[in-house]
Amino acid sequence: MGWIFGIVAIFAAVFLTSIAINPWYVILGMVSLVGILILFNQSRISWNIITISSIVGVVGVLSALALATPTVLEKLPKHQRERIEVLYKGEKAFRDTSGYNLLYSKTAIGSGGFVGKGFQQGSVTKGKFVP
């Protein structure tokens, strides 16, 4: 079951990285990484048609994902796109929309200091900013 999480994490990493930088650079980095891994593990890999096609297939699928990321991002509804963009632009850029909860939750955590203020005693909770 852990391998499923690993696959999802790789897909998410490629998707999110392709938002931040040019997808062609992501593909170049991915191909370089696969090349280095093959170079260092050359003696342990049993080279057959299944191995070669698996490597090419995985790199191909991840490359397609990287190239499709901008299209997928523009097709998302505005509120979903903003939730992803909050990761890169910060919550202050979306203070009144998607970044609202993140901004005030950070304020609530930060106002407590090292030991906290106690349950329902925080300044943000008293001001009814965070539900």
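Select Ser63 to begin; the residue lies in helix H3, residues 49-75 (helices are DSSP runs of H or I, at least four residues, numbered from the N terminus). This is a predicted model, in which local features need pLDDT of at least 70 and side-chain atom pairs count only at pLDDT 80 or more, while totals for chains, interfaces and linings use all residues. Residues are numbered from 1 along each chain as its sequence is written, and side-chain values use heavy atoms, with hydrogens and water left out.

Ser63 is buried, at a relative accessible area of 12% (buried means under 20%, with a 1.4 Å probe and protein chains only).

Now select Val14, Val26, Ile27, Met30, Leu62 and Ala66, the six residues of the largest nonpolar core (a set of buried Ala, Val, Leu, Ile, Met, Phe, Trp, Tyr and Cys residues joined through side-chain atoms within 4.5 Å). Helix H2 (23-40) and H3 each give two or more residues to this core, and H2 gives the most, three.

Stay on Ala66. Beyond four places in sequence, Ala66 is in contact with Val14, Ser18, Pro23, Val26 and Ile27.

Last, colour helix H1 (residues 2-20) and helix H4 (residues 78-89), which pack at an angle of about 65° with axes 11 Å apart (axes are lines fitted to C-alpha atoms over the stretch in contact, and angles run from 0 to 180 degrees between N-to-C directions). On the H1 side, Phe15, Leu16, Thr17, Ile19 and Ala20 make the contact; on the H4 side, Ile84, Leu87 and Tyr88 do.

Methods: Buried means under 20% relative accessible area, exposed over 50%, partly exposed in between (1.4 Å probe, protein chains only). Contact means heavy atoms within 4.5 Å.
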